[in-house]
Amino acid sequence: MLIRLDRDSVAAGDDVDSHEEMREVDGRQPLERFVAELFRDGYLPRISGGKASWVMRRSRRAEPLGVAATKYSEMHVFRLTETDSLDLNEVGESLFFEYAAQTNPNEVFEGL
């Protein structure tokens, strides 16, 4: 399946180019594994200080799916709001990442 990715900018220089991209993915792949790959391949950027939290949504204004956070470019928190796991088929054709800065991911999740 094709999935459209988009994300917030993380700094002034980061908003020069669009972050929207299309990727061909295996729809059976768990969302958690896919997001970990996005951290590793740099789609979700490395942040000065090593920590970043992201709210995952089907689109910019959609209800939150959950929170993912990195620590030194590796995912260390992944929490979904409605279920224990989702595969990409269940997510649908788009995924948006809202930058929550270096806020504690558990606090971000509690605020959803």
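Two strands are taken to pair if DSSP finds at least two bridges between them; strands (E, at least two residues) and helices (H or I, at least four) are DSSP runs, numbered from the N terminus. The model is predicted, with pLDDT of at least 70 needed for local features and 80 or more for side-chain atom pairs, while totals for chains, interfaces and linings use all residues. Residues are numbered from 1 along each chain as its sequence is written, and side-chain values use heavy atoms, without hydrogens and water.

Six strands form an open sheet of mixed pairing in the order S2-S1-S6-S3-S4-S5. Strands S2 (21–24) and S5 (74–80) each have a single partner strand, so one side of each edge strand lacks a neighbour in the sheet. Strand S1 (residues 2–7) pairs with strand S6 (residues 94–99) in the parallel sense through four bridges, and Asp6 stands opposite Phe96 in S6. S4 and S5 run antiparallel, joined by six bridges, with Val67 bridged to Arg79 in S5. These two strands form a hairpin with two residues between them, and Tyr72 in the turn has a positive phi of about 50 degrees.
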